[in-house]
Amino acid sequence: MTPRDRLLGLTVIVLWGLNFLAIRVGLDHFPPFFFAALRFLIIAIPVVIFVPRPQVPLRWLLLYGFGFGFGQFVFLFWAMHSGMPTGLASLVLQSSAPFTVLLGAFLLREKLSVWQVSGIAVAVAGMSLIGWDRSHHAALLPVILTLLGGLSWAFGNLGSRLAAANTVGEPAPMRLMLWMCVIPPLPMLALSAVVEGPTVGWHALGTAFSADAWPSLVGLAYIIVLGTIAGSGLWTMLMGRYPAGMVAPLSLLVPVVGIGASWLFLHEDPSPLSLVGAVVVIAGASAAQMRRKPENPENTVFSDTPTASPPARLGV
């Protein structure tokens, strides 16, 4: 990786790590499900109007959108609204890495190396350590919700891979990412209307321009412009330029930024045991990223008629 691209990769890590602060600021004003819906709705409207839909099977686009977009952020925002510390959320969400490896093995029949199995076991041990520590200091529910967010992200990774592998014509990873944002808004708005009330979110949006609530709009703008469009755009470019094994492990630095920023700006002091668990999780997830090339990548449970397009590389 060139020094320039390495710097771009580190820029993405900083953007994504600070993204958790923006989420926290937004959740101080908006109800969680409406906030998640608003984040994607603002992107989806211009995408539907101006960006052609990528020629991928609809079911894989839906799997990508419901996994990465709907499930991940419903559970993450719910967890943070329920008391999940910001820095710890940035760490536990990285459970998507071992979840992705396991789902790839069970559903896509990818063979696991000894390193991957060992890494998954270490990551699970680290998550268990954090869960045990949280059970003695606060509610365990937010940790479970964040883990469900990581699992949803992993399903989204599979959807992204299968969609890219069955693209008709030239690959369009950026268009695929943008059209993923079209899937979550309506089900999220429906969930918000049922759980939070049909007018609560819209009322919060109407009062967001007041002197006390304007930081929530800044947080929303950061999530959309820097966290999603800039961060995901640069990440997509790097994933298309280099092997996934070279790029994906960079995402394991996100919790370092997230925990550090939450300590600096939110005065969150993680317990020593949680920090030990964080190191264990990152080490395990790093090992789980080491995978050999599958012998027959088109032999999958979900496989369509094989196309000439190569399978997309999985990231976290």
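His-267 sits in the loop that joins helix H13 (254–265) to helix H14 (272–288); helices here are DSSP runs of H or I with at least four residues, numbered from the N terminus. The model is predicted, and local features need pLDDT of at least 70, side-chain atom pairs count only at pLDDT 80 or more, and totals for chains, interfaces and linings use all residues. Residues are numbered from 1 along each chain as its sequence is written, and side-chain values use heavy atoms, with hydrogens and water left out.

The backbone of His-267 deserves attention. Although His-267 is not a glycine, its phi is positive, at about 60 degrees. Most residues other than glycine have a negative phi. His-267 is also exposed, with a relative accessible area of 63%; exposed means over 50%, buried under 20%, and partly exposed in between, with a 1.4 Å probe and protein chains only.

Together with Ile-45, Val-48 and Phe-50, Ile-49 makes a nonpolar surface patch of about 440 Å². Such a patch is made of residues with over 30% relative accessible area and no salt bridge, its nonpolar side chains (Val, Leu, Ile, Met, Phe, Trp, Tyr) being joined within 5 Å.

The whole structure contains one salt bridge, defined as a side-chain nitrogen of Lys or Arg within 4 Å of a carboxyl oxygen of Asp or Glu. Asp-5 and Arg-4 form this contact, and their closest N and O atoms are 3.1 Å apart. Asp-5 is buried, at 2% relative accessibility, whereas Arg-4 is exposed, at 53%.

Note on methods. Helices (H or I, at least four residues) and strands (E, at least two) are DSSP runs, numbered from the N terminus. Patches are made of residues with over 30% relative accessible area and no salt bridge: like charges are joined within 9 Å, nonpolar side chains (Val, Leu, Ile, Met, Phe, Trp, Tyr) within 5 Å. Accessible areas come from the Shrake-Rupley method with a 1.4 Å probe; for residues, only the protein chains shown count as cover.
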